[in-house]
Amino acid sequence: MDFINQITQDANTASDFTGVFTIWDILIVLGLSFGLSLIIGKTYQVTHKGISYSQGNVQTYVMMAVVVAVIMLVIGSNIARAFSLVGALSIVRFRNAVKESRDVGFVFWAMAIGMSCGTRFYQMAILATVIIAAFVFMMHYFNFFARTVRERILLVEVAPEDDPEKLFGEFFEKTFQEHYLISMESLPGSGNLQLAYSTTIHGKFDSGQFLHTVRDLNGDRKVSLIEGQQQIDL
């Protein structure tokens, strides 16, 4: 019993070397920031779209929230420590580009929760995490701000003696709302031309039937249809 009492006394007197917080403050800040950042990570995982999902990216959000909480706890209201931290971080260089602008929001979210926990605004940290997560799920499931992408890039191979306007003009007028020839390239070996069109489709569009018709018009040569860049996730 005396041993347990001694440990408790040592923990309560930890402020002798921390100055403004106890060992229990540290445990609460670390535990709460970690738990709330797990909610952030799970929200990102569930609502992510595309093929560029990265487990390491999500784990970084969790680490960021916990580390920021520790930094804010150490700094406290000490201006000297704050300037020391700025000087230390100024030598760090971040070279990884953010693939999606949406990721920036999660970075700031994790930082905000870490700062709230580190400054011991626990209620704000909990409420902000729950409410922001609800907002993100709502935008995800109701598909806010979605837009049907009608722009396509069409690549068509033709013989060098063919007139593209005679081959495709009438058909393209019926199929597309707009179409523009944006480039013409000579293919090595065969000597054929590759035409690149920027097109805008109508409401209903059968890609398979369209490609089959174009191949009939260009002599069964290569045809490629690329969707608008807004839908491509690399």
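Me: In this predicted model, buried means under 20% relative accessible area. Why is T129 called buried?

Reply: The relative accessibility of T129 is 0%, and the cut-off is under 20%, so T129 counts as buried. T129 is placed in helix α7, residues 122-141. Leaving aside residues up to four places away in sequence, T129 touches L36, I39, W109 and I113.

Me: How do you know that the buried residues of α8 line one face of the helix?

Reply: The buried residues of α8 are P164, F168, G169, F172 and T175. Viewed down the helix axis, they fall within an arc of 150°, so they line one face. The face turned away from this buried side carries the exposed residues K166, E170, E173 and K174. Cover for the buried residues includes β1, β2, β3 and α9.

Me: Why is the pair F176 and F210 called edge-to-face?

Reply: The structure holds 17 aromatic pairs. In the pair of F176 and F210, the ring centres are 5.3 Å apart and the planes stand at 70°. Centres must lie within 6.5 Å and planes over 60 degrees apart count as edge-to-face, so this pair is edge-to-face. The pair links distant parts of the chain, with F176 in strand β2 and F210 in helix α9, 34 residues apart. Both residues, F176 and F210, are buried.

Conventions: Residues are numbered from 1 along each chain as its sequence is written. This is a predicted model: local features need pLDDT of at least 70, side-chain atom pairs count only at pLDDT 80 or more; totals for chains, interfaces and linings use all residues. Side-chain values use heavy atoms; hydrogens and water are left out. Helices (H or I, at least four residues) and strands (E, at least two) are DSSP runs, numbered from the N terminus. Buried means under 20% relative accessible area, exposed over 50%, partly exposed in between (1.4 Å probe, protein chains only). Contact means heavy atoms within 4.5 Å. The arc is that of the directions from the helix axis to the C-beta atoms. Rings of Phe, Tyr and Trp (its six-membered ring) pair if their centres lie within 6.5 Å; planes under 30 degrees apart count as stacked, over 60 as edge-to-face and the rest as tilted.
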